[in-house]
Amino acid sequence: EVHIYPAVEARKENPLYSAKIKGPLASFSLPETSTPTSAPAGAYNVAVFNPESKGKPARVSMLRYPDKLDSSSALVGKSFYRAEDCSLRWAPKGDALLAVTSTSVDTSGESYYGSAALYVLAINHLQSQAIAEPVPLPNNNNTVHDAQWSPNPNKPPCFITISGKMPAISALHNGQTAQPLFLFGNAHRNTVSFAPHARFINLAGFGNLAGDMAFWDQNKKKIIPRFMPGSAQAIAESVNAACTTMSGWSPDSRSFFVATTSPRMNVDNGARLFTYAGNEITNSQPWNNENYHPDKLRAVQFIPAKFGTYPDRPQSPPPKGAIESSAAEEKPAAVSSKPAPKGRYVPPAARRAGTSNSLADRLRAEREAKSASSVGKVTAKPSVVGMSNAAKTRTPIGMAPAAAKDPNAKSKNALRKEKQRAAKAAAEAAAAEEERQKQAAAAAAPVDPEKRAKKIKKMLKQIQELKQKDPNTLNDDQKKKIESEQSLNDELSKLGL
């Protein structure tokens with residue numbers, strides 16, 4: 001259960017809760033805003049996660065204090081299977097949330113690290129309806145690395161997801177419909193960081209990745225260009241911050257810090273500061289990272305400020321005559337929900353364009369190389385200067401001249417198969433003739449009247465038994481046997497036995 005206490009009760013020795021949310025519950029989450037825009041004055045939204053239990057699916061519900069605290073009266077809810085854990089992330093207005101569900105085992109066998117799914121629960125104010133749907137990830141990915149809301153409540157709600165196998169794809173989604181609006185491209189990324197004003201975005205690959213970062217301008221949908229001090233030439237190299245354990249934006253959205261802290265990393269502790277474009281600030285740091293070596297730095301954080309304290313400033317104008325680099329690290333792609341085609345596995349060492357490591361491809365390349373090397377070369381043996389054509393084909397003394405080759409002559413293999421077919425046909429004809437002779441001899445042999453009469457009586461007895469059966473159950477052979485009754489009686493009478 002979740003108990004809700006008034007503020008005045010919290011200061012008492014034995015506080016009494018004013019409301020409770022019944023379980024079973026695994027976790028709950030509250031938005032940062034005190035009163036969501038969709039709630040009446042004094043109301044407060046709360047989200048709860050119910051795990052799977054006794055065959056029942058897991059469920060995420062958005063409730064409201066104090067009037068809608070029961071799952072039957074929830075503002076919006078979503079049930080699903082394959083959810084061992086769930087992370088709830090609120091939109092800045094407190095009227096929508098992302099539910100990132102995860103399992104430790106991927107039943108599809110595509111990942112060693114389990115599977116994850118993403119759902120959006122929102123209240124649409126314009127259409128006065130609730131939305132609880134799975135987020136349509138690009139390429140139908142089933143792995144979610146990160147999902148974060150845009151923190152600016154004054155802009156239309158949106159969020160960014162990073163999903164799929166590495167290099168993962170990052171996408172910007174509509175906060176009300178969850179449909180993808182823009183793709184940032186594929187790169188080794190697993191962390192999304194919005195600046196407080198939501199103009200600038202940092203997409204990074206921290207943790208078990210190499211630490212590469214890219215800084216984007218959400219308004220322009222472009223990577224922010226970096227320029228060397230005093231130069232108009234853009235820098236093409238990506239920004240790297242290896243071994244990062246903490247990161248974050250400054251309240252004015254102009255600076256971004258990364259830090260390596262203990263106990264997560266017990267070597268090379270320190271903090272680094274970057275501009276919104278990714279240029280490292282090294283000349284005005286009030287600290288010395290050598291003082292934190294090897295494991296003396298525990299945490300780093302910007303002093304927070306109330307939203308709106310600092311203005312939302314765009315990028316600074318580029319240097320005069322600036323030339324932006326054309327080598328963008330991540331190229332935006334068209335929005336598509338079609339699954340990527342799956343081909344055969346290619347080792348990393350053989351993934352260069354036009355190369356392969358299989359035996360068949362190597363043999364094919366060798367044959368093509370030999371055929372290409374022989375193009376244009378003369379392979380005929382050189383003849384003696386002045387020798388006539390007749391002399392070139394002259395037969396040695398004592399040898400009969402070679403007969404002219406018949407173009408219609410059959411090959412040795414064709415002749416051999418023709419002989420085999422003829423021998424088989426002759427053997428089949430001989431066997432048929434032998435069988436015919438045996439039948440003729442049997443017909444010409446004298447018949448013992450007593451044996452024949454005994455056989456006919458047996459057949460007549462079988463016919464009487466067949467007559468007693470249902471005619472619809474008889475097959476064709478049994479019907480023919482019944483029809484032969486008269487002929488058998490005639491033959492028996494001729495025998496006189």
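## A partly exposed pair

Arg 272 has a relative accessible area of 28% and is therefore partly exposed, a class that lies between buried (under 20% relative accessible area) and exposed (over 50%), as computed with a 1.4 Å probe on protein chains only. Its partner in a salt bridge is Glu 280, with the closest N and O atoms 3.1 Å apart; a salt bridge is here a side-chain nitrogen of Lys or Arg within 4 Å of a carboxyl oxygen of Asp or Glu. Glu 280, at 35% relative accessibility, also counts as partly exposed.

## Basis of the values

The model is predicted, and local features need pLDDT of at least 70, while side-chain atom pairs count only at pLDDT 80 or more and totals for chains, interfaces and linings use all residues. Residues are numbered from 1 along each chain as its sequence is written, and side-chain values use heavy atoms, with hydrogens and water left out.

## Salt bridges within and between helices

Six salt bridges are found when the whole structure is searched. One of them joins Arg 436 to Glu 433, whose closest N and O atoms are 2.3 Å apart. Both residues belong to helix H4 (residues 412-444), where they are three residues apart, about one turn of the helix; helices are DSSP runs of H or I with at least four residues, numbered from the N terminus. An α-helix has 3.6 residues a turn, so residues three or four places apart point the same way. Arg 436 is partly exposed at 47% relative accessibility, and Glu 433 is partly exposed at 33%.

Another salt bridge is formed by the side chains of Arg 452 and Glu 491, at 2.7 Å from N to O. This pair links distant parts of the chain, since Arg 452 lies in helix H5 (residues 449-467) and Glu 491 in helix H7 (residues 485-495), 39 residues apart. Arg 452 counts as partly exposed at 25% relative accessibility, as does Glu 491 at 28%.

## The two sides of H7

Which residues of H7 are buried? They are Glu 485, Leu 488 and Leu 492, and they lie on the same side of H7 because they cover an arc of only 65 degrees around the axis, the arc being that of the directions from the helix axis to the C-beta atoms. The cover over these buried residues includes H5 and helix H6 (476-483).

On the other side of H7, the exposed residues are Gln 486, Ser 493 and Lys 494. Just after H7 comes Gly 496, which takes a positive phi of about 70 degrees.

Conventions. Contact means heavy atoms within 4.5 Å.
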